[in-house]
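Q: Please go through this model with me, feature by feature. I would like each label set against its cut-off.

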Amino acid sequence: MKTKILSIFAALAVALSLSSCHEKEDIHPANEGVGTVSMRSMAVEVNNAEKVISRAEVDLSGFNVQIFNAEGTKVKEWKYADMPEIFSLPVGDYHVHVYSHEVKKAAWEEPYFVGDKDFSIVKDEITEIGVVTCKLANIKVSIRYSDELRKYMGDDCKVNVRVNDEGTLEYLPAETRSGYFAAVDGSTTLVAEFNGSVGGYQETLRHTASDLEPGQHRIITFKLKSSKPEVDENGNIIIDGIGLDVDVVDEDLNGNINWSEPNLDDKDRPGQEDPKDPDDPDKPDVPGDETKITITSDDVDFDAVNDIKDKVIVKIDAEYGIEHLQVTISSDNADFVASVSDLLPMSFDLAYPGDNAANFESIGFPTGSNVIGSTHIDFDISQFVPLLGSFPGTHHFQISVTDAKNKQLVKTLTFKS
């Protein structure tokens, strides 16, 4: 362990010497009222509901990154791949806006992701951007057919989907892709119309929805009204036994499944309810459920400023399993921030460590499958904390735990060196 700590100290020393090679106006702004922004720790996560995708799993190079000031004026803009590590801005409030591409009215398999985060610039200090989470900002539509209906569908069958009177896609029976439609302010309508021969008879069925929101996934399934239609001796459906119906599931891709819509055809649909406890749908979530997650330590005090110690183990318990273990490191020592940023991001999710997994594991941090689903973790930061002693100042180690029920608990360890 001592050898590993010494090697990390050596790496930090090299990083510190490299950081001094930056131009002085970038690290230590000479102009009054100017601060520094470090993008080296900035990570973009793409949330598609199934999981949060790290930058190691999705190509972010073409994502657009924009910086706006408090007045809404764009002051910086790059592609993610061309983003600088460090730059200066006047003191003030800003926000970063990240988006995947220019959204189309309708397109196959082109989800449009958007994320924003506010930050402030303080004179002669380095501001770390941290993690920006991008969420689906258009409407996903999938068309499906029941197995029974497929038996009787003719080659001329198709479904035309129109969203907000602007985007249109035609779904043929063999189509397995999902369509993505632009979400238009003030317009929230969807029409899915089935046309074609079923059992030798021409059929048309229109499904409409008028409560669309960005981030929704409408899964529309066409089916026969009767799962066992009446057929004649030649295997043809008798006309009185034919008829189409539709089932719709609306999944919020920035959250959970909202509701099922059985047999809705131009009828009023139920309104959205507040999220319920999935174990008891009649019982709403109540304050206090956050106690299902605990973050404790026998070695340090979360409510005090701690001295640097050789042993620090944080005990994390989550009754419903850990989904995310987000760690954010900050410090008032600019040299420390610059040095660590050259080695590791200052904000990261150990559940989805991406390319940094080996680096985290080398200093004893759990990653990936050792985090996801775990109900107890001994988060040993003993190899990291002694490094703080070489950089005088106050250092913060924020730990955020999110469980499988989307409950979150955040605690911060503070060290003084």
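Q: What makes strand β12 (residues 139-145) and β18 a pair, and in which sense do they run, parallel or antiparallel?
A: Strands pair if DSSP finds at least two bridges between them. β12 and β18 have six bridges, in the parallel sense. Within this pairing, Ser 142 stands opposite Ile 219 in β18. Strands here are DSSP runs of E, at least two residues, and helices are runs of H or I, at least four residues, numbered from the N terminus. The model is predicted: local features need pLDDT of at least 70 and side-chain atom pairs pLDDT 80 or more, while totals for chains, interfaces and linings use all residues. Numbering starts from 1 along each chain as its sequence is written, and side-chain values use heavy atoms, leaving out hydrogens and water.

Q: Why is Leu 190 called buried, and what is it in contact with?
A: Its relative accessible area is 1%, so Leu 190 is buried. Leu 190 lies in strand β16 (residues 190-198). Contact means heavy atoms within 4.5 Å. Beyond neighbours within four places in sequence, the contacts of Leu 190 include Val 141, Val 161, Arg 218 and Ile 220. The C-alpha atoms of Leu 190 and Asp 165 are separated by 8.1 Å, at 25 residues apart along the chain.

Q: What makes a set of residues the largest nonpolar core, and which of them have the most contacts inside it?
A: A nonpolar core is a set of buried Ala, Val, Leu, Ile, Met, Phe, Trp, Tyr and Cys residues joined through side-chain atoms within 4.5 Å. The largest one has 40 residues, and Phe 365, Phe 379 and Phe 397 have the most contacts inside it. Elements that each supply at least two residues include β25 (313-318), α4 (334-343) and β30 (408-416). β26 gives the most, with four residues. Apart from this core lies another, of 23 residues, among them Met 153, Val 159, Val 161 and Leu 224.

Q: Why is the pair of Phe 365 and Phe 379 called edge-to-face?
A: Rings of Phe, Tyr and Trp (its six-membered ring) pair if their centres lie within 6.5 Å; planes under 30 degrees apart are stacked, over 60 edge-to-face, and the rest tilted. Here the centres are 5.2 Å apart and the planes are at 75°, so the pair is edge-to-face. Phe 365 is buried, at 4%, and Phe 379 is buried too, at 0%.

Q: How do you know that Phe 348 and Phe 365 are stacked?
A: Their ring centres are 6.4 Å apart, with 25° between the planes. Phe 348 lies in strand β27 (residues 347-349) and Phe 365 in the loop between α5 (357-362) and β28, so the pair ties together parts 17 residues apart in sequence. Ring pairs link Phe 348, Phe 360, Phe 365, Phe 379, Phe 384 and Phe 397 into a cluster.

Q: What makes the charged end of Lys 411 sit over the ring of Phe 302?
A: The rule asks for NZ of Lys or CZ of Arg within 6 Å of the ring centre and within 35 degrees of the ring normal. The charged end of Lys 411 is 5.3 Å from the centre of the Phe 302 ring and counts as sitting over it.

Technical notes
Buried means under 20% relative accessible area, exposed over 50%, partly exposed in between (1.4 Å probe, protein chains only).
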